[in-house]
Amino acid sequence: AETIKVGVLHSLSGTMAISETTLKDTVLMMIEEQNKKGGLLGKKLEPVVVDPASNWPLFAEKTRELLSKEKVDVIFGCWTSVSRKSVLPVIEELNGLLFYPVQYEGEESSKNVFYTGAAPNQQAIPAVDYLMNDIGAERWVLLGTDYVYPRTTNKILEAYLKAKGVQDKDIMINYTPFGHSDWQSIVAEVKKFGSAGKKTAVVSTVNGDANVPFYKELGNQGISAEDIPVVAFSVGEEELSGFDTSPLVGHLAAWNYFQSVESEENEKFIAQWKKFIGDDKRVTNDPMEATYIGFKMWAKAVEKAGTTEVDAVEQAMIGITVSNLTGGTAVMNANHHLSKPVLIGEIQENGQLEVVWETPDTVIGDAWSDFLPSSKNLIADWTKPVNCGNFDITSAKCSGQNF
Amino acid sequence: MINKAGSPLLEEENIQPDTRHGVILYVEDVSVSFDGFKALNDLSLYINDGELRCLIGANGAGKTTLMDVITGKTRPDVGKVSFGQQVNLLDMDEAQIARAGIGRKFQKPTVFEMLTVFENLELSLAGDKGIWTNLFHKLSGEQKDEIDKILQTIGLQKERFMLAGALSHGQKQWLEIGMLLAAKPRLLLVDEPVAGMTAQETERTAELLTSLAGEHSVVVVEHDMAFVRSIARKVTVLHQGSVLAEGSMSEIQTNPEVVRVYLGEDQGAA
Amino acid sequence: MIELKAVNQKYGGTQILWDLDMQIKAGSRTCIMGRNGVGKTTLLKCIMGMLPLSTGSLTINGQDMGKQSVEKRPEIGVGYVPQGRHIFGQLTVEENLKVSLNCKRQSSKEIPEHVFDLFPVLKEMLQRRGGDLSGGQQQQLAIARALVLNPDILILDEPNEGIQPNIVQLIRDVLLKLNKEQGMTIVLVEQKLPFARAVGEYFHLMEKGEVVASGNMEALDDKLVAQYLAV
Amino acid sequence: MIPQSIQDLFKKFGSLPVVVGCLFITTLYVSVCNLAFSEGSALHVSTYTVTLFGKYLCYALLALAVDLVWGYCGILSLGHGAFFALGGYAMGMYLMRQIGDRGVYGNPELPDFMVFLNWESLPWYWAGSDSFIWMIFMVLAGPGLLAYIFGSMAFRSRVSGVYLSIMTQAMTYALMLAFFRNEMGFGGNNGLTDFKDILGFSLQSDTTRIVLFALTALFLALGFALCHFIVNSKMGRVVTAIRDSESRVRFIGYKPEHYKVWIFVVSAMLAGIAGAMYVPQVGIINPGEFSPLNSIEMVIWVAIGGRGSLYGAIIGALVVSYAKTRFTAIMPEAWLYALGGLFVLVTLLLPKGIAGFVPSVLDKFKQAKKDKSIAEKRAAEVKS
Amino acid sequence: MLRTFCLIFTMLISALSATASAAEDFDALINQLPHKNLRNITPLLEKIAAQDDERVRFVLTEIVNGDLYYLKSNKQVVSIRKTPDGDYQLTAILGAQALENQSKSAMKKIRTSNRIRSDIRGLLAQLDLTHKKEAVRLAAVKQILDDPNSESIALIKKHLKTEKSEDVVQLMETAMAVNQFKTGSIQEKTSATKALKNSLEPSVRNAMVQELNRLSEYKNSELSEDDKALKAALTKAIDSIKQKRSIYEFIENLFFGLSLGSVLLLAAIGLAITFGVMGVINMAHGEMIMLGAYTTYVVQQLFPQWIDYSLFIAIPAAFIVSGSVGILIERGVIRFLKGRPLETLLATFGISLILQQLVRTIFSPLNRTVAAPEWMSGSWQINPIFSITYNRLYIVIFALAVFFALLAFMKRSSLGLHVRAVAQNREMARALSVRSDRVDAITFGLGSGIAGIAGVVLSQLTNVGPNLGQSYIIDSFLVVVFGGVGNLWGTLVAAMSLGSFNKFLEPLTGSVLANIIVLVGLVLFIQKRPKGLFPQKGRAAE
Ligand SMILES: Nc1ncnc2c1ncn2[C@@H]1O[C@H](COP(=O)(O)OP(=O)(O)OP(=O)(O)O)[C@@H](O)[C@H]1O
Ligand SMILES: Nc1ncnc2c1ncn2[C@@H]1O[C@H](COP(=O)(O)OP(=O)(O)OP(=O)(O)O)[C@@H](O)[C@H]1O
Ligand SMILES: NC(N)=O
Ligand SMILES: [Mg+2]
Ligand SMILES: [Mg+2]
């Protein structure tokens with residue numbers, strides 16, 4: 001082919017469009033930039049954008065279309081875990097390559113997927129450490145939307161908290177449906193739970209659109225960050241740009257990137273983004289950085305391998321480093337997860353997040369959680385001799401391989 | 001698989017009203033009220049087997065309501081309604097009552113507008129009304145002939161393949177009478193059959209109904225006094241939900257009360 | 001004065017009215033008769049504008065109404081009592097009567113009292129839902145509703161259907177009275193000869209969508225009746 | 001103009017042989033071209049196309065089911081997605097169990113999602129799910145039972161019209177929320193996925209795909225024949241009568257509620273079969289399939305194709321799904337305008353849907369002829 | 001906890017010993033602020049707090065409020081206030097020279113974290129005990145009450161004598177009693193328990209529960225008579241508090257229910273017109289709501305300085321926008337579907353897709369920010385454990401107002417009568433001079449306009465984004481159907497009862513299950529009443 005085709009598989013309509021459209025634009029921006037530099041291997045990159053419309057079976061269909069009809073060399077896409085799960089069999093069957101840029105629940109490592117978002121140990125665990133050690137939280141509310149990512153994350157956190165000596169009665173877990181919009185009772189309950197005389201913190205894996213009404217209710221019921229801080233894993237700059245942040249100042253978010261972090265790369269990236277999108281008010285966020293890193297790594301790996309052939313690129317990816325946007329270096333590990341710094345930020349009035357705490361070093365993404373009984377013996381390693389996504393170190397066997 | 005649900009005590013296909021006392025329909029002390037308004041007030045009425053009974057009464061007297069009660073559409077507040085001596089109609093739903101042999105023509109003609117005239121009649125034919133039978137049902141020659149005969153009677157041969165919705169008001173009236181004929185019920189309740197018909201059609205209807213009596217029992221509600229006169233043997237007058245008078249047409253016509261509330265000078269014989 | 005010239009009308013594929021001509025004089029009482037399904041109701045609906053004319057012209061009181069919408073009719077003084085009554089079932093009797101109150105011709109915001117004089121039963125039932133009335137009561141309501149408009153022309157489609165005899169007499173008297181006292185034009189579709197003879201001055205006989213005979217009511221002899229009304 | 005012979009055929013047997021014939025030819029063509037011609041050959045039909053068509057045919061069967069209750073019985077179900085999804089879950093459970101110890105945690109008994117939620121053993125309702133026969137039974141019994149329970153309650157209480165529609169919607173909505181819950185034991189939001197094989201045949205092989213596709217076509221043909229038979233029987237006329245006036249049907253002795261339940265159950269089972277065929281071909285079943293919007297879309301297929309026409313339902317499903325596939329690829333950011341516009345225009349311009357369009361044009365043509373002859377006849381009559 | 005305490009303690013000591021010689025110059029300390037990062041700012045703040053300078057309180061207040069900045073150009077420390085035109089008015093902390101207004105890009109915030117702010121707040125509370133404003137003093141006592149220590153109690157004791165406000169005195173006494181309860185002898189504890197048994201303050205209850213738990217660790221035989229008396233008093237007091245709490249919890253749930261009901265009512269009531277009265281299955285109803293919400297956004301963009309009044313402009317604006325779009329839809333599409341109500345479902349669904357994509361194109365797929373006016377923020381604290389948020393309160397009132405206005409319109413106005421007449425029999429209504437086209441357009445416009453108003457309200461509660469409408473459409477249909485199609489009262493009762501049912505269930509079952517139960521309950525209920533709560537009655541309804 002005269003061009004290298006890059007598939008972009010992000011929902012542009014339906015419920016997820018709100019988050020995913022930005023990532024489509026990010027990929028397009030990266031492609032444009034790469035083409036300005038002359039493309040890759042002397043060929044131009046050509047984006048192939050499709051709209052899976054927040055419909056999970058459609059994700060699978062579109063993946064098949066991208067791989068077998070459009071014959072793309074790589075796909076950047078998906079946001080929700082279920083979309084990834086739906087795409088996974090197709091990607092593996094047709095031996096494609098997917099870069100997945102969103103924080104997720106872990107418990108997965110596929111030969112054909114690179115996970116550039118955070119695994120639970122790169123977001124949840126450090127955040128809890130921060131709350132426990134720096135804020136002095138003793139009572140915990142785990143709020144989440146009722147689906148796999150929050151369920152898993154909370155499972156891991158619960159195990160972690162108990163290991164740290166927190167008692168059952170000091171943990172409250174509550175799940176809400178997608179798009180939950182009436183938070184009165186839950187916030188009131190949190191308030192009650194928090195008035196028992198011990199420092200209380202909320203860990204929120206509330207997803208998507210449900211956050212706005214949640215924070216508004218927090219603000220109106222007068223729960224300030226100083227009383228009961230809320231640390232969220234799904235609220236970033238983009239979400240914050242959708243609401244009036246004044247009542248939320250001081251609440252927290254844990255990510256691997258914030259727009260406010262000062263570094264040369266970041267400044268350049270922000271400027272490039274604003275120019276590309278033609279809107280000075282647009283913000284950047286963590287999944288964008290993950291997309292950025294993924295794209296850069298892929299480009300590097302293609303050059304290293306000298307081909308876009310999936311197996312070669314996959315092998316070349318491991319060990320590739322790219323400077324991340326927060327001043328450090330991202331490394332692709334053998335388990336197809338990144339090493340990343342973990343940052344905790346406080347929400348500012350302007351909708352930005354200011355770092356108040358960060359891990360001293362980067363943290364290696366853990367495909368299989370150490371805090372779940374089912375997976376504590378599993379590792380992923382896509383280099384020889386293991387070369388497997390779910391390798392049981394006790395039995396030295398690899399389960400569930402399709403190939 | 002599910003066509004035999006309903007009241008387990010009643011094998012409605014086999015219902016035979018017990019008419020040893022010569023009475024096919026007992027309506028006893030029935031009252032119906034709507035939001036406090038008494039449409040039927042302690043009404044009692046007996047229809048003999050094979051009788052042709054005319055039911056007249058002022059607009060709003062409760063004639064249609066009475067038919068609603070008999071056919072299961074309206075539940076009375078109190079009272080007893082039975083088909084023959086034993087079959088308690090109040091325990092049955094509309095379909096069961098219909099299967100037991102009570103057919104009805106509505107005051108406002110109601111036919112299946114999206115079916116053809118022929119199909120309207122086909123559905124009304126007496127016979128098994130269960131699902132599985134109908135799934136594999138084929139019209140027999142006899143049944144076809146029967147429908148043809150009815151079509152002739154009601155004068156709609158030409159319209160047989162027309163959608164019933166496209167019929168004129170009067171034609172729908174006829175079709176509904178036809179549907180009643182097809183069902184061959186023991187007891188026919190006919191609500192204003194000649195409304196909107198010409199004098200000659202009225203005559204024909206009168207003949208038709210008279211010919212049905214004997215084998216069937218017929219209750220006719222009508223305001224057309226010429227028509228009533230031409231068919232009536234016994235007339236019951238309802239007023240404000242109860243029976244005001246009962247007797248032969250000439251008795252009724254001379255009843256001053258009936259003349260006052262219903263007939264008016266023109267029709268009254270006073 | 002209503003005048004139809006060469007009117008054709010179709011329902012989708014089937015033509016009902018064929019080159020129909022008809023004149024109805026102002027202030028007259030005209031009766032249109034014919035067997036079931038000959039197109040009487042269709043004709044009235046055409047006059048009311050509820051069915052479009054395929055071809056032909058229609059003038060009412062000298063105005064060309066062929067292309068005018070239904071709601072123009074009441075404004076120029078046409079009242080309509082349809083076959084089958086068409087009461088607003090979920091409105092109360094009072095509301096049924098009030099619907100036409102803000103018509104241009106109508107100055108008052110109250111239901112004219114004479115309506116209740118004509119049909120006293122309606123007064124008793126003002127708060128009852130129209131749909132709950134008995135058939136005959138509904139028919140009275142339908143006539144009363146048309147009268148509220150204070151029309152110059154009153155069009156009635158079989159108004160006696162289902163009406164008790166003494167009310168039939170009442171309606172007859174009312175129609176005659178309206179015609180005599182207010183000069184109201186009465187257009188009546190009727191099947192029952194006695195009533196037609198009592199009310200109508202003129203008749204039009206229809207057959208298969210055409211007018212086959214017209215004239216003074218006296219001219220409606222047994223021969224015509226046998227030919228066009230018998231089965 | 002359609003050639004005279006086909007028209008005659010139509011008149012004689014209705015649309016049945018045409019539809020079945022079309023299905024047969026397409027299936028044959030697709031299978032042969034996929035298996036016999038290698039990639040790159042001009043005649044090759046890609047596996048992508050095969051699965052896509054397979055999916056469309058599932059939708060078509062589903063549309064048929066919706067049309068049966070809506071078009072013929074007047075029951076506007078806004079919850080047919082529930083039956084589809086239940087059929088899909090029945091199949092999904094079976095496929096899940098076929099993974100055996102090839103799951104990521106290597107547990108021979110439990111599906112992965114149960115392992116990492118620390119479930120000890122299979123919940124009772126998963127019993128038998130590894131049996132093919134049981135799966136087939138459940139594909140029919142799951143949706144059928146739900147339809148029976150819901151239908152016999154609702155129809156007996158004479159819930160009808162919009163009340164019924166909105167209740168079906170509530171039903172599927174409640175099921176969606178329930179299936180979202182991880183505690184339900186159906187994989188929560190992620191649903192069931194990562195299937196490996198069916199009856200020992202790998203789901204990823206072309207032959208299996210072709211067979212699945214052909215089976216779907218077969219089921220569609222059978223479904224069509226069944227519906228055709230039903231609506232053309234006397235029972236079909238009763239059902240149409242119920243649509244017109246349910247209460248009147250009662251007064252001539254039929255029990256409309258029995259008929260409605262029966263037809264609702266049949267329709268639900270058809271939808272269940274569609275769901276079951278859908279799952280192995282798209283590779284995932286998740287609670288999103290219960291979403292009320294999905295069910296509304298089904299109704300829209302039928303409306304676009306032509307409510308009350310069986311082949312219309314099929315056409316509608318195919319047209320809308322194809323439009324969606326194309327539009328989302330050609331104009332990813334504007335396809336909703338196109339699809340929305342399509343819906344509006346079809347409603348305005350083709351009141352009887354696509355299936356009603358051709359006949360109505362033909363009718364007009366015929367009518368003109370007939371008018372002329374009638375006019376002539378009358379003219380002759382008048383003269384004489 | 002301990003660290004906090006130590007920090008406050010050190011600050012306090014220094015603050016009280018005003019003559020502390022080691023104290024550095026206040027100005028010098030302030031000037032160091034721009035040079036500190038988050039990790040080493042705390043010691044500096046401690047030092048500043050220790051200064052005996054009347055500006056200390058101001059600086060600390062500005063820090064907790066997040067209004068302390070420094071100019072990037074010359075590192076001058078300033079406090080800022082937003083001006084109506086979007087700039088910031090600066091006040092220098094040091095020196096008195098007037099400063100020009102600046103935009104935010106010219107300055108940088110003095111960074112703090114929750115921990116630091118919370119510590120400062122504790123300190124401020126002690127300073128605030130003598131504040132001029134009663135509300136501030138009250139808040140200060142409250143703050144101390146939540147986390148009392150001997151120093152702060154000593155301060156309270158000192159100021160109690162001079163305090164004039166009834167409320168503050170009462171709260172101070174509670175604080176003292178709690179302190180007595182925590183630190184006093186058994187007898188003192190018992191008497192404090194009795195004094196506190198009517199207090200709803202959480203800290204009171206916490207202290208009592210803790211004490212009771214302590215006592216419960218012993219066997220009864222190990223307790224002295226006094227202990228036993230205390231235990232009995234505690235049990236009684238806690239019970240009485242519990243009882244009061246459960247009453248308030250009930251009221252709270254009821255209010256939550258009504259407020260959820262009001263939202264449902266607002267969302268559904270437009271549909272009660274377009275669907276309930278006109279019979280149009282309006283799938284684009286949600287998008288009419290969405291348009292209303294976006295209108296609010298646009299209004300706020302156009303008049304950024306009038307956020308507090310924006311809703312008063314937005315409500316009529318949204319009514320007009322959604323109403324006009326509604327009229328357009330009616331004139332452009334729906335009127336061609338007369339007599340084909342089911343097809344309106346198809347067409348309006350298409351329209352809803354188009355409208356969603358339209359706002360994606362115009363406003364981007366991202367959510368838009370809609371600010372809450374000051375008067376709608378916060379809550380009305382009725383007692384320490386029960387408060388009502390203002391926004392919900394206003395929404396309940398507003399929803400009822402809209403409802404009754406609409407009800408009056410439909411029942412009293414002639415247009416309302418015409419709407420109903422046309423809905424029941426279009427042809428006949430026209431024959432009675434009702435201009436049905438106009439009535440249709442106005443009715444649909446009205447229903448849509450009210451949906452637009454609902455959008456304004458929802459913009460105060462939830463996301464303003466392309467999916468806003470979708471999340472309410474199902475609920476709206478449920479409410480209308482549950483209430484009984486065509487009956488406005490039914491819509492009201494349905495909305496309120498669904499809301500309350502949901503909110504009483506939620507604490508018991510969690511919100512997911514509550515939703516499911518409500519839906520299943522609804523399906524079952526309809527079996528009992530197949531035409532909704534308030535069915536259309538009479539013969540004509542069949
Ligand atoms: N569902 C109902 N709700 C309220 N009132 C009703 C209802 N059904 C009937 N009625 C009232 O009951 C009375 C009897 O009505 P019914 O229709 O039985 O009279 P009818 O004798 O058939 O009169 P007609 O000869 O005019 O048809 C009427 O006054 C009517 O208003
Ligand atoms: N909607 C329709 N579609 C097609 N044909 C119709 C329609 N309505 C009426 N017709 C036909 O038009 C013819 C005339 O009907 P119309 O209602 O005008 O008759 P009519 O003279 O009023 O009869 P009746 O005395 O029974 O009321 C009838 O043959 C009828 O079949
Ligand atoms: N991976 C997520 N956030 O679904
Ligand atoms: Mg009657
Ligand atoms: Mg007529």
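User: What should I know about the model before we start?

Analyst: This is a predicted model, where local features need pLDDT of at least 70, side-chain atom pairs count only at pLDDT 80 or more, and totals for chains, interfaces and linings use all residues. Residues are numbered from 1 along each chain as its sequence is written, chains are lettered from A and ligands numbered from 1 in the order in which they are written, and side-chain values use heavy atoms, with hydrogens and water left out.

User: What makes Asp311(A) and Lys111(A) a salt bridge?

Analyst: A salt bridge is a side-chain nitrogen of Lys or Arg within 4 Å of a carboxyl oxygen of Asp or Glu. The closest N and O atoms of Asp311(A) and Lys111(A) are 2.8 Å apart, so the pair meets the definition. Asp311(A) lies in helix α11 and Lys111(A) in the loop between β4 and β5 of chain A, so the bridge ties together parts 200 residues apart in sequence. Helices (H or I, at least four residues) and strands (E, at least two) are DSSP runs, numbered from the N terminus. Over all chains, the structure holds 75 salt bridges.

User: Why is Lys111(A) called buried?

Analyst: Buried means under 20% relative accessible area, exposed over 50%, and partly exposed in between (1.4 Å probe, protein chains only). Lys111(A) has 19% relative accessibility, so it counts as buried.

User: Which residues make up the negative patch in chain E?

Analyst: Glu134(E), Glu166(E), Asp167(E) and Glu173(E) gather there, on the surface. Patch residues have over 30% relative accessible area and no salt bridge; like charges are joined within 9 Å, nonpolar side chains (Val, Leu, Ile, Met, Phe, Trp, Tyr) within 5 Å. Asp and Glu count as negative, Lys and Arg as positive, while His and the chain ends are not counted. Glu173(E), in helix α8, has 43% relative accessibility, so it counts as partly exposed. Helix α8 gives the most to the patch, with 3 residues.

User: How do you know that chain A and chain B do not touch?

Analyst: Contact means heavy atoms within 4.5 Å. No contact joins chain A and chain B, and their closest C-alpha atoms lie 36 Å apart. Chain A and chain C do not touch either, with nearest C-alpha atoms 37 Å apart. Among the 8 pairs of chains in contact, chains A and E share the most contacts.

User: What makes Lys71(A) stand out in its backbone?

Analyst: Lys71(A) has a positive phi of about 55 degrees, yet it is not a glycine. Most residues other than glycine have a negative phi, and most peptide bonds are trans. Lys71(A) lies in the loop between α2 and β3 of chain A. Asn150(C) also has a positive phi of about 55 degrees without being a glycine, and lies in the loop between α6 and β7 of chain C.

User: Which peptide bond is called cis?

Analyst: The bond from Lys384(A) to Pro385(A), with omega near 5 degrees. Pro385(A) lies in the loop between β17 and β18 of chain A.

Notes. Accessible areas come from the Shrake-Rupley method with a 1.4 Å probe; for residues, only the protein chains shown count as cover. The place of a charge is taken as NZ of Lys, CZ of Arg, CG of Asp or CD of Glu.
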